[in-house]
Amino acid sequence: MFDDRRPIYRQIAERIRAEVLSGSLGEDEQVMSTTQYATHFRINPATAAKAFAELVDEGVLYKRRGVGMFVAPGARETLRAHRRARFVAEVLDPMIDEADAIGLDPAHLVERIHERMGDPADPRAAAGSVAGSVADGREEAR
Amino acid sequence: MTGRLELQDLTVRYGDTVAVDRVTATLEGGRIHGLLGRNGSGKTSLLSAVAAFRRPDGGQVLLDGEPVFENPAAVRRMCLIRGAGDTVVHDWPGDRVRHALDLAARLRPHWDRDHADRLVERFALRRTARLSELSRGQRSALGVVLGLASRAPVTILDESYIGLDAPSRYAFYDELLADHSAHPRTILLATHLIEEVAALFETVTIIDRGRLLLQGSADDLRARGAAVTGPAEAVADLTDGMRVLASKQLGPTRSDTVFGELTTEQITRARRAGLQLDPVPLQDLFVHLTDPATATEQPVSEGSLR
């Protein structure tokens with residue numbers, strides 16, 4: 001459930017952020033209570049409370065006195081913006097380093113990105129024809 | 001009425017043997033605390049003094065500011081279950097589970113009979129079973145029932161649940177958390193099995209050979225250990241001057257377990273040198289900290305690679 005390596009409150013906070021990002025926790029939707037969290041995951045209630053406090057500080061959650069914790073309006077967009085800001089340094093650069101270390105051709109990477117995300121210059125991809133562009137990519141790779 | 005415990009220079013001796021050596025620590029009221037120590041580290045002696053089972057040989061224990069020893073008001077608010085519930089008059093051939101429950105009901109001012117009934121059922125204890133014929137697991141279950149149903153503002157379980165099998169231990173964790181949220185009180189669990197219960201603790205107090213090794217929030221402690229792995233020279237360079245708890249080498253790769261938080265500068269340096277940084281589980285940290293070969297106040301020297 002939790003890996004006992006990182007502080008558990010960070011893992012809980014990360015889990016809630018992921019739920020907000022994926023949309024499975026909607027804005028103004030109520031989050032499980034500290035007690036529910038504690039009993040469900042068999043953790044100390046103070047640990048769950050600490051995670052909530054961190055998310056309140058970040059503007060992801062807000063508290064309704066006597067009712068509980070709710071997802072803040074705009075939380076999803078805030079998180080997406082935050083992830084975008086960290087993406088290059090934390091995801092893209094290490095990936096490029098790895099690609100470089102194993103001798104991958106940069107052109108292949110760019111091609112693959114276009115396959116998966118769609119190439120704005122390619123009308124088929126822009127129209128969402130993912131299958132078509134993947135097939136094309138394979139043709140060209142040969 | 002918060003159930004705050006203060007240990008001030010607490011010392012317990014058996015003849016020339018010092019079992020608890022000037023331990024000073026505070027356990028805040030209403031929380032779940034873990035007391036960790038190896039076998040023979042002084043946990044039980046310390047807890048016996050905390051619960052006023054014995055007079056400290058030095059220092060004192062305060063419950064909400066009042067010394068506990070020979071203080072009936074304080075003692076009524078505390079419940080210590082040692083091992084598998086040795087607070088019952090056991091080993092009398094005629095004594096049965098129901099006698100133990102009846103005794104606790106008479107002695108414990110906060111005893112919750114309904115809760116005891118539920119727990120007896122949950123742990124599948126037979127009321128008519130003779131105490132002398134209980135299995136280890138059943139004795140543990142009885143200890144847990146006596147502790148939880150006591151609803152004592154300070155409830156201390158000294159390795160009580162260790163004899164339970166895995167399903168019963170999980171049931172115990174669930175009962176403990178549900179009970180604690182419904183009836184907040186101070187709970188102190190002593191254990192040498194850490195992996196499973198670490199997440200239940202708000203604070204952790206580690207004693208070793210009678211002395212307080214460290215005390216802090218369980219989550220902070222988790223962040224204080226790190227394993228640095230990579231080319232031997234780069235690892236040695238990074239961990240130089242840090243408290244290295246353990247060091248292992250396999251061919252050109254070395255892995256150091258350090259205690260203490262890494263600075264941002266160190267983390268950057270480690271990344272640049274291609275070193276891998278991993279957190280250390282609480283149980284591993286405990287093992288290293290209480291290892292007689294490395295458990296010194298001084299950083300372990302470079303030469304002591306094992």
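How many residues of chain B are in contact with residues of chain A? The legends below begin with that interface. This is a predicted model, in which local features need pLDDT of at least 70 and side-chain atom pairs count only at pLDDT 80 or more, while totals for chains, interfaces and linings use all residues. Residues are numbered from 1 along each chain as its sequence is written, chains are lettered from A and ligands numbered from 1 in the order in which they are written, and side-chain values use heavy atoms, with hydrogens and water left out.

**View 1. The interface of chain B and chain A.** In chain B, 23 residues are in contact with 16 residues of chain A, where contact means heavy atoms within 4.5 Å. About 1,600 Å² is buried between the two chains, 52% of it from carbon and sulfur atoms; buried area is the accessible area (1.4 Å probe) that two parts lose on being put together, summed over both. On the side of chain B, Leu177(B), Asp219(B) and Arg222(B) lose the most area to chain A, together 32% of what that side buries.

**View 2. A salt bridge between the chains.** Two salt bridges are counted between chain B and chain A, each a side-chain nitrogen of Lys or Arg within 4 Å of a carboxyl oxygen of Asp or Glu. Asp220(B) and Lys50(A) meet through their side chains in a salt bridge (3.8 Å, N to O). To the side of chain B that touches chain A, H6(B) gives the most, with seven residues.

**View 3. A salt bridge within chain A.** Over all chains, the whole structure holds 28 salt bridges. In one of chain A, the side chains of Glu54(A) and Arg17(A) meet at 3.1 Å, N to O. Glu54(A) lies in helix H3 (residues 45–57) and Arg17(A) in helix H1 (residues 8–22) of chain A, so the pair ties together parts 37 residues apart in sequence. Helices (H or I, at least four residues) and strands (E, at least two) are DSSP runs, numbered from the N terminus.

**View 4. The lining of the largest cavity.** The lining of the largest cavity includes Leu7(B), Ala25(B), Gly34(B) and Val50(B). Strand S2 (17–27), strand S3 (32–36) and helix H1 (43–50) of chain B each give two or more residues to this lining. A cavity is a set of points on a 1 Å grid over the protein atoms alone where a 1.4 Å probe fits but cannot get out, and lining residues have an atom within 4 Å of a point.

Definitions and conventions: 1 Å grid on protein atoms, 1.4 Å probe; cavity = no way out; pocket = protein on both sides within 12 Å on 5 of 7 lines; lining within 4 Å.
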